[in-house]
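Please open the model in your viewer and keep the selection tool at hand. The stops below are intended to be taken in order.

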Amino acid sequence: SQDGNDTAQEQGLDLEPPVRMEEEKEVMEEMEVEERVVEIEHPLPCLSESDTQGIIKGRDLFGYVGIEAVLDQMRRKTMKAGFEFNIMVVGQSGLGKSTLVNTLFKSKVSRKSCTPNYEEQISKTVHLQSVSHIIEEKGVKMKLTVIDTPGFGDQINNENCWEPIVQYVNEQYEKYLKEELNVNRKKRIPDSRVHGCVYFLPATGHWLRPIDVEFMRRLGKIVSIVPVIAKADTLTLEERLEFKQRIRQDLQANGIRVYPQKEYDEDAEDRILNDKIRENIPFAVVGTDKEHQVNGNKVLGRKTKWGIIEVENVAHCEFAHLRDLLIRSHLQDLKDVTHNIHYETYRVKRLNESNANGLAYELVQNI
Ligand SMILES: Nc1nc2c(ncn2[C@@H]2O[C@H](COP(=O)(O)OP(=O)(O)OP(=O)(O)O)[C@@H](O)[C@H]2O)c(=O)[nH]1
Ligand SMILES: [Mg+2]
C-alpha cells in the first residue's frame, strides 16, 4: 500500500522543475531543428550557395539572439540578493549534535569567512537555538543557519518528544504563509523554513529504535530528513557497513521517507546521482571542535590513544559526504523540495482549513 500511496502522490503533485541548463540546451536544439525544416520548404532568395549547403542554424540566418545570456542575468541577480539556507539537527541527547554544528562551521565550508574564536566547552543544549553565519565565496553570499535542538531521551516518558520540533518546523511555514498572504507583501520573504533536518542515530550497531522510527516518521512528512550515524568512531568498519545496511532496510520497512526521495528525482541523471547517495545513507559521521597538527597541517579531529580521527578525511568518516550533500551538491534541491513539496502541503492544508472555517462562520451568521 506504501507504493500505491507514493504513486498517487507522485501523480497528484504537479511540480514545475527548476530551470536547468540541460533543458535550455534542449530547447535551443529544438528551435534550430524547426528552423531547418522551414528552410528546406521555403528557401530564402538572398542566401548564397554556401549557406544552403549543409545545416543552417538559426543564428546563421538571423544573427546571434543571445538567449543564453539569461544565465548571466540569473546569476547576477542571485549573487546580488544572496540566499538563505537553514539546517536543523535533531536527535537524542548527547549524540554530538552541538559538536557537529561547530564542526560544520569550523570545517571547509566557512573556515575562511568566519574565524570562530570561541573555545568554550560545549554543554548540554537546553533551548532551541540557531547559529547563523554569512558565508561568502566568489561573490556569492549565503546565510547559513543551523538550528540546534535540545536532545530528547532524558525524560522518563518520551512519548511526545517530537512535538517541539514539529511545532518549530510548522511555525516557520506559518510565518512564510502569513508573509505571502499579506496584501503588501515583501519583495523577498525572509525564509526561515527548515530546508534539511539532520537526524542523529545512536551507533548501537543493532537496528532502529522505536523512538527513532516514530520521530522520523512524523518528521519525514513535513521536512527533508538526512539520517546520520552519530559518533561513528565507536564502530568498526564492518559494524559500520552492516549497521548502515540494516538501517536502510528498517527505514524502508517502516515507510520512512528520507532525503533524497526517489519520486522527486527529476531525470535519469538525477536518479543515477541520487541512487549513489541512497546506497550510502545514513552517513557515518564524527564531530569535533578541536584542531590538531597532522603532518604540519591543522586538521579537525578527535585525538585518541591510537591516533587522530580526521573528521574531514573521507577515509576516516563520512562527515565530508554529509557536508557536500547539504552545501555543495543538493542545496538548491533541498530548497526546492522544501518549497514545492513540504511548504506546499502545509499551505494547501492551512488554506483548506481556513476556507472550511470561513464557511462555518458564514453558516453561523446566516442562522
Ligand atoms: N566519540 C565521539 N564523541 C563525540 C562525538 N561528537 C561529540 N562527542 C562527544 O559527545 C558529548 C556530547 O556532545 P554534544 O555535542 O554536547 O551532544 P548533543 O547532541 O548536542 O547533546 P544535547 O545538547 O544534550 O542534545 C561531548 O562530550 C562530545 O565531545 C563523536 O563524533 N565521537
Ligand atoms: Mg547540544
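How many of the nine residues of strand S1 (residues 83-91) are buried? Seven of them are, so strand S1 is largely enclosed by the rest of the structure. Here a residue is buried if 20 or more other C-beta atoms, placed from the backbone, lie within 10 Å of its own; strands (E, at least two residues) and helices (H or I, at least four) are DSSP runs numbered from the N terminus.

This is a predicted model, in which local features need pLDDT of at least 70, side-chain atom pairs count only at pLDDT 80 or more, and totals for chains, interfaces and linings use all residues. Residues are numbered from 1 along each chain as its sequence is written, while chains are lettered from A and ligands numbered from 1 in the order in which they are written.

Phe 83 has Met 142 as its bridge partner in S3. Then select strand S4 (residues 196-201), parallel to S1 over five bridges, where Cys 197 stands opposite Met 88.

Move to ligand 1. Its surroundings comprise 17 residues, the closest being Gly 96, Ser 98, Thr 99, Thr 125 and Gly 151.

Now display the open antiparallel sheet, with three strands in the order S7-S8-S9. Strands S7 (291-294) and S9 (307-310) are its edges, each pairing on one side only.

Finally, select helix H11 (residues 319-329), whose buried residues are Phe 319, Leu 322, Arg 323, Leu 325, Leu 326 and Ile 327.

Key:
Near = placed C-beta within 6 Å. Pairing = 2+ DSSP bridges. Buried ≥ 20, exposed ≤ 12 C-beta atoms within 10 Å, placed from the backbone.
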